[in-house]
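Reader: Hi, I have a model open and could use a guide. Can we go through it together?
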Amino acid sequence: MSNSSLGAAAVALGVAASITGLVVVAMSLTNRRGNWKREIQWLVGAMAFAAVAAVVVMERALITRDFTVAYVAENGSSTTPALFNFATLWAALEGSILLWTMILTGFVVAVVVKFRDQHDDPMVGWALFTLFVVTTFFFMLMMGPANPFGTFDPSPGFDGPGPNPLLQNHVLMAFHPPVLYLGYVGFTVPFAFAISALITGRVGEGWLVATRRWTVMAWGFLTLGIVLGAWWSYETLGWGGYWAWDPVENASFLPWLTGTAFIHSVMVQERRGMLRVWNLSLVVATFSLTILGTFITRSGILNSVHAFVESGIGPWILTFFGLIVVVSLGLIAWRGDQLRSPGRIDSPVSREGAFLANNVLFAAFAFVVLLGTIFPLFVEAVDGRTISVGNPYFDRMTMPIGFSLLFLMAVAPVLPWRKASPGVMSQRLIGPAWFAAAVVVFSVLVGARGWAPLLAFGLGGFAAGASARQLILATRRQGWRGLVGRTNGGMIVHIGVILIAVAFAASNAYVRQDEFNLVPGQTATMSGHELTYEGSTVIEYSNRTERVARIRIDGGQVYEPAVATYPFAGQSINIPSVRSTAVDDIALSVLSFPEGDDDAVLLRSTIQPLIVWLWIGGIVIAIGTAMAVTPGTRRRPTEPVSAPLETLA
Amino acid sequence: MLRLRSSSRSDARLWSWIGAAVIGVSALLYGSLASGEPRTNAERAHSLANQFACPVCDGQSVAQSDVSVARIIRREIRTWVDEGRTTDYIRSQLVADFGEDIDYTPSASGITSLVWILPVVAGAGAVTGLFFVFRRWKLEADLEPTEEDVALVESARADRS
Amino acid sequence: MTAPTDASAPRARIAIWIVLPLAVTMVLFLVLLATREPSSHRVTQSRLIGGIGPSIVGETIDGGTFDLDGERGRWVVVNFFSTTCVPCIVEHPELVKFQNAHSEAGDATVVSIAFDDSAEHVREFFQEYGGGWPVLAEGTGTFAVSYGVAQVPESYLIAPSGLVVDKLFGGIVQDDLESRITALQEAAANRSDSDTDSETEGS
């Protein structure tokens, strides 16, 4: 049996299992007599099997270069190296939907396993129902507009073009998309439970407690995925940048912003029972924004270097997005007034007040990013003009929000719940304040100038001091256990975020870029670094030809930026080379090679400080997230206070 | 004795705060006002190139892209910078030559000004809303007037009459 | 855990008043997204059309000088090209045909302007593919920017009056170019017939 028909059969099985699952769950919810636990488990198993089988078949087709599968003919090639050939699964639209679906079914399996003893609970039932709706949608996509198993009739000796050259020159390509998808897809689970809470009316803290770890894990993967994407851009695109406020980057950042708001405001609800509607709305918004993100990435309505090839999938995703929004808004309108809790925040200067401020800031941040991203479409629709909104807008609008968030990161962790007294605050913050002053003085001494980066460093120091203080106190009290648990893990995450914020501010403020024409033996000087061009060599690979320039930096090691030509795709790409140290990075890329060996090469060099701390920050966040989902030894979490609405009213 | 010590401790902390603030703020002011190395033409050209969209690229700026037109515009910006042209001149030239969508900074007039105004309006609205919510909570919290409140109201009434 | 009953009456209205404007915004948002064309379908018109073409003055690859203003009185095809661009190589014979057809009458000419290319490559290119019209290769970035050229090949048709009358994306075909010129000449003739007062500038 051919790979195409095997794959199509797997997709068909997936569709059948999801729809049957949908019906069975609906029956068990409306008719309580039967116990459908077994059947549901079987159906979820069949669905996951179908998705895994489809991925295995696709990988088999890719590895055996089976060009009768259209996807392989369009994106595969006999010359692609093994790792990137494997990663071709997510190098184009149809395969990426396949990967998405497989991860999604994995999460559904995890939900069924985790809640195996609560199958009779309508809360779990409705969550499963929602999950089945989502899986049905994605399997249906693969039946119709994003069919990965379309057939192709290759002529003898046919070879495919291989994936886009930019997607096969860095090992991060193998990790960035799957990690990002783990984050995107992971938010489906809290979304399903939020919808379930709205439907069942069990709007207390039960659904939050049930999905707390899932949310934090999804958030961690999303963060790591975004950082890996930035790293990939930096290492492969050759312009010395890592974040460009590109529509697709923004599309991944939007759910991150609302998700981050949620994992903070959730604590207010757990502790004080407030902000219930707001929290439900944030979860719904986060999930909707992941779907909106896939629409932006896959419909081609906005220009982006990361977008997939334009396809007919757009209207389908948009319809699904509309469905999610309509159902969620309808449910909130229906339940919203009953959900509202009678509590209130006693003082704005308290932990819950700080969380509220945090949420206002994150919401404003998300609003600015969303507005800037879609604004050109709006102007075009209203006025017919084409305009662009780019980094000057985003930098200017998000900078004050970023500063405010850094300040809150310093103050909020030391604020007590309910109400703070000036004495306590003064005592807790004096250490971080001195640390902040020291950071500013140090920055000025090493030559940093300009109010914006210095303010960012100072606030970063303030926030880092406060986080470190919490961790030191916790480890003093509990030993190594002072590093695990949500609060302590959260402080580690904060330190990672601060590292990224400081590195972002520094690299943006002090970036130096210049272009040099160098003949062999010639040296250029830039920001105190010497770049010597020592000649070039040509290296032939199975799928490409690379011309490599040898650049010696500061008389030390030689770095080798190159231009790779992929004959089949008829495309040349830059392969930059980066010298990283803890202090600064030198990114080299060759803009053009001369004909003769002795002629001048056009070299672009970008020098930025503290770049490496962006990636270290990402790793610290990942570690902190892992610590945060590890149960700590602090007091047992309060029992779920979820109660049916009848008792509330 | 105990009282004295605690007050001297809080005095010390106050001085400590003042010290940290003075040192931090003066370093910040010095770093903001002292002129660092002057911006070279290369730096200015690079920062400008980042503010314009490459006309044929997918979401990359002139500074980022390696296609021909981006290189040509980069060189042209550099020429203008070397000639000592102002940012406004360079902006209007590029917009005239390549169209409005080359400019990454939406203009602050006409319909595009909404992109600048809306976030500010929304932010102000959120802060005002929260202010009223907190005030209502506060009012709900203190429904019973204290004796001081009563006295204050009485004296105010006495003043008016 | 019990909500105050007196509060439930005014509360009942709040959610709907928050959700309703949100729902309206979301519907508008969906309509906006659903009605947008993919970005690759958008084409912008050149703002040069109808105006005097920005000046092009410079040294040609064979040592002469070229000045666009000096070409008034005949049609000029300003052709931006690069030696590495495949459509440019494809369109080149068409330009040669066009030039040959008009060289005797002298009523039209081509001028080629290298786009991000070296003079050496351009010289080799013309040796290989022919074409005896002015070619500018050094310092041409300014011209490309002033014409707003984003991607080669791109050509501008300049009327004898010096006005830019057409912009041609992608490769040129001689027949198409001729018919455009004929159509423009006829349109100009018609205009001058119907409006005899106006000075018949150009053809």
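Author: Here is a short walk through chain B, then the domains of chains A and C.
Author: This is a predicted model, where local features need pLDDT of at least 70, side-chain atom pairs count only at pLDDT 80 or more, and totals for chains, interfaces and linings use all residues. Residues are numbered from 1 along each chain as its sequence is written, and chains are lettered from A and ligands numbered from 1 in the order in which they are written.

Reader: What is the secondary structure of chain B?
Author: Six helices and zero strands. Helices (H or I, at least four residues) and strands (E, at least two) are DSSP runs, numbered from the N terminus. The order from the N terminus is α-α-α-α-α-α.

Reader: How many residues of chain B touch chain A?
Author: 45 residues of chain B are in contact with 58 residues of chain A. Contact means that the C-beta atoms, placed from the backbone, lie within 7 Å.

Reader: Which helices supply that side?
Author: H1 (2–33), H2 (41–49) and H5 (114–141) of chain B each supply at least two residues. H1(B) gives the most, with 12 residues.

Reader: And what classes are on that side of chain B?
Author: It has 21 nonpolar, 16 polar and eight charged residues. Ala, Val, Leu, Ile, Met, Phe, Trp, Tyr, Cys and Pro count as nonpolar, Asp, Glu, Lys and Arg as charged, and the others, Gly among them, as polar.

Reader: New topic. How do H2(B) and H3(B) cross?
Author: Their axes come within 9 Å and cross at roughly 130°. H3(B) covers residues 68–82. Axes are lines fitted to C-alpha atoms, for helices over the stretch in contact, and angles run from 0 to 180 degrees between N-to-C directions.

Reader: Which residues make the contact?
Author: From H2(B), B:Asn41, B:Arg44, B:Ala45, B:Leu48 and B:Ala49. From H3(B), B:Arg74, B:Ile77, B:Arg78, B:Val81 and B:Asp82. By class, that contact has five nonpolar, one polar and four charged residues.

Reader: What about domains in chain C?
Author: Chain C has domain 1 (7–35) and domain 2 (57–194). Such bounds come from an automatic or database domain assignment. Over C-alpha atoms, 57 Å separate the two centres.

Reader: And chain A?
Author: Its assignment gives domain 1 (1–154), domain 2 (393–510 + 614–629) and domain 3 (512–609). The C-alpha centres of domain 1 and domain 2 of chain A lie 42 Å apart.

Terms used: Contact = placed C-beta atoms within 7 Å.
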